Amino acid sequence: MNFDTTQIAIRERGFAEIMDLALRVSQAHAGPLVLAWLVGVAPWMVLNGVLLSGLLETTLWENPAGYVFWMLLLVAVETPLATAFITLYLGQVTFAGKGDARRIAGDFYRSLPQMLYSQGILRGLTAIPVIGLLLPYASWPYLSELILLERNALFAGKAGRLTTRKRSKNLHRNTNGDLFTRWIIAASAGGLLVGVLVGGIHTLLDQIFGLQLTVTQNLAYTFPIALWLVVGFFAVVRFLAYLDLRIRREGWEVELSMRAEAARLARLA
């Protein structure tokens with residue numbers, strides 16, 4: 001790991017600057033990010049289509065908002081696992097300059113039990129009411145990054161190891177106001193992006209290819225694709241915001257400089 005040659009400059013940024021940087025990172029690494037997005041998202045997209053197919057056919061005209069609600073709820077549950085490959089790729093490329101598919105798969109496999117427990121079971125149990133399912137994105141949004149990239153222990157054990165839960169509390173402490181504000185901004189921008197993408201895809205197919213999509217087809221195909229594309233983009237935003245929080249809370253740029261100097265002295269020795 002090259003601590004002094006990161007692909008992304010390690011410094012504090014505002015949220016608008018983070019979103020702009022996310023666009024640049026997405027453009028610079030479009031190929032691998034699209035591949036990581038497809039690997040992570042495609043199974044969930046197919047599963048959601050199967051689970052909601054009956055609802056789409058029977059209640060669309062009576063209650064279309066119900067279909068949208070359940071789609072949003074499913075995506076909220078699935079997002080941590082679906083975007084895990086994007087997070088792991090970005091974690092590698094930030095320091096190593098390139099991603100290793102075999103290492104990404106191995107890291108995902110090792111992190112999967114804790115991801116299922118922390119991001120699946122525990123978050124699912126707190127989803128009463130539904131806002132309990134969405135609240136973690138506002139109050140401790142970087143739990144996935146901690147599990148996937150830092151890989152702390154799930155339980156302290158006899159050795160008193162630092163657990164993911166304690167690490168998360170330490171990282172997110174006294175930042176709830178700022179994190180909640182960023183979550184509101186991200187959710188609002190994400191909603192607008194989904195609407196723009198749905199309209200853009202519909203217009204493109206109509207004007208360029210002459211395909212007239214029905215309301216059912218838009219809900220069944222265009223809406224989920226646009227929704228998952230926005231989720232993928234905000235996975236990049238979330239990763240960059242996680243770096244920014246570590247810089248603000250822990251002086252991470254100083255730590256990396258010290259580690260780089262230590263590595264240089266070790267090589268000389």
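## Helix α1 on helix α10

The crossing of α1 and α10 is right-handed. A crossing gets that label if the near helix is turned clockwise from the far one by less than a right angle, and is left-handed if anticlockwise. Helix α1 covers residues 15-28, and its axis lies 9 Å from that of α10 at an angle of about 125°. Axes are lines fitted to C-alpha atoms, for helices over the stretch in contact, with angles from 0 to 180 degrees between N-to-C directions. The two helices are therefore oblique. Angles under 35 degrees count as roughly parallel, over 145 as roughly antiparallel, 65 to 115 as roughly perpendicular, and the rest as oblique.

On the α1 side, the contact uses Phe 15, Ile 18, Met 19, Leu 21, Ala 22, Leu 23, Val 25 and Ser 26. Helix α10 supplies Phe 233, Phe 234, Val 236, Val 237, Leu 240, Ala 241 and Asp 244. Contact means heavy atoms within 4.5 Å. These residues split into 13 nonpolar, one polar and one charged. Ala, Val, Leu, Ile, Met, Phe, Trp, Tyr, Cys and Pro count as nonpolar; Asp, Glu, Lys and Arg as charged; the others, Gly among them, as polar.

## Basis of the model

This is a predicted model: local features need pLDDT of at least 70, side-chain atom pairs count only at pLDDT 80 or more, and totals for chains, interfaces and linings use all residues. Residues are numbered from 1 along each chain as its sequence is written, and side-chain values use heavy atoms, with hydrogens and water left out. Helices (H or I, at least four residues) and strands (E, at least two) are DSSP runs, numbered from the N terminus.

## Helix α7 on helix α10

The axes of α7 (residues 143-150) and α10 (residues 215-250) come within 10 Å and cross at roughly 85°. That makes α7 roughly perpendicular to α10. Ser 144, Glu 145, Leu 146, Leu 149 and Glu 150 of α7 meet Arg 238, Phe 239, Tyr 242 and Arg 246 of α10. This contact has four nonpolar residues, one polar and four charged.

## Aromatic pairs

The whole structure holds four aromatic pairs. Rings of Phe, Tyr and Trp (its six-membered ring) pair if their centres lie within 6.5 Å; planes under 30 degrees apart are stacked, over 60 edge-to-face, and the rest tilted. Tyr 142 and Tyr 242 have ring centres 6.3 Å apart and planes at 55°, so this pair is tilted. Tyr 142 sits in the loop between α6 (131-139) and α7, and Tyr 242 in α10, 100 residues apart. Tyr 142 is buried at 5% relative accessibility, and Tyr 242 is buried at 2%. Buried means under 20% relative accessible area, exposed over 50%, partly exposed in between (1.4 Å probe, protein chains only).

Phe 233 and Phe 234 form an edge-to-face pair, with centres 5.3 Å apart and planes at 80°. Phe 233 and Phe 234 are both buried.
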